[in-house]
Amino acid sequence: MIEAARAGDTEAMEQVLRYYDGYINKLCTRMLYDNYGQPHLCVDEYMKHRLQNKLIYAIVCNSR
């Protein structure tokens, strides 16, 4: 699958991202507090997109 993604297959890249989605979500989960002091677990979407982009970059640019 990685080789297909590296070759430019967008469906393969989407499958790789879906495979790692749970792990990336776990890494990006943060405890936030609302105005009443109640804790909420939330996924930091900015950090999630950064990690996804790093994964894509690692797949595409390490093809040498």
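Modeller: Happy to, and let us start with Asp-44, which sits in the loop between strand 2 (39–43) and helix 3. Helices (H or I, at least four residues) and strands (E, at least two) are DSSP runs, numbered from the N terminus. A word on the ground rules: this is a predicted model, where local features need pLDDT of at least 70 and side-chain atom pairs count only at pLDDT 80 or more, while totals for chains, interfaces and linings use all residues. Residues are numbered from 1 along each chain as its sequence is written, and side-chain values use heavy atoms, with hydrogens and water left out.

Biologist: Why is Asp-44 called partly exposed?

Modeller: Buried means under 20% relative accessible area, exposed means over 50%, and partly exposed is what lies in between (1.4 Å probe, protein chains only). Asp-44 has a relative accessible area of 27%, so the label is partly exposed.

Biologist: What is Asp-44 in contact with, leaving aside its neighbours within four places in sequence?

Modeller: Its partners are Cys-28 and Arg-30, where contact means heavy atoms within 4.5 Å. As for Asp-34, which is 10 residues from Asp-44 along the chain, the two C-alpha atoms are separated by 15 Å.

Biologist: Which label does Ile-56 get, and why?

Modeller: Ile-56 lies in helix 3, and its relative accessible area is 27%, so Ile-56 is partly exposed. With neighbours within four places in sequence set aside, Ile-56 is in contact with Met-13 and Leu-17. The C-alpha atoms of Ile-56 and Asp-21 are separated by 13 Å, and these residues are 35 apart along the chain.

Biologist: What angle do helix 2 and helix 3 make where they cross?

Modeller: The axes of helix 2 (residues 10–27) and helix 3 (residues 45–61) come within 10 Å and cross at roughly 140°. Axes are lines fitted to C-alpha atoms, for helices over the stretch in contact, and angles run from 0 to 180 degrees between N-to-C directions.

Biologist: Why are helix 2 and helix 3 called oblique?

Modeller: Angles under 35 degrees count as roughly parallel, over 145 as roughly antiparallel, 65 to 115 as roughly perpendicular and the rest as oblique. The angle here is roughly 140°, and helix 2 and helix 3 are therefore oblique to each other. Their crossing is right-handed; that word is used if the near helix is turned clockwise from the far one by less than a right angle, and left-handed if anticlockwise.

Biologist: Which residues make the contact?

Modeller: On helix 2 they are Met-13, Val-16, Leu-17, Tyr-20, Asp-21, Ile-24, Asn-25 and Leu-27, and on helix 3 they are Lys-48, Leu-51, Gln-52, Leu-55, Ile-56, Ile-59 and Val-60. They divide into 11 nonpolar, 2 polar and 2 charged. Ala, Val, Leu, Ile, Met, Phe, Trp, Tyr, Cys and Pro count as nonpolar, Asp, Glu, Lys and Arg as charged, and the others, Gly among them, as polar.

Biologist: What about Met-1, and why is it called exposed?

Modeller: Met-1 is found in the segment before helix 1 (2–6). Its relative accessible area is 54%, so Met-1 is exposed. Even so, Met-1 is in contact with Ala-12, Gln-15 and Val-16, leaving aside neighbours within four places in sequence.

Biologist: And how is the chain as a whole arranged?

Modeller: The chain has 3 helices and 2 strands, which run α-α-β-β-α from the N terminus on. Of its 64 residues, 16% count as buried. The C-alpha trace spans about 50 × 15 × 15 Å along its principal axes.
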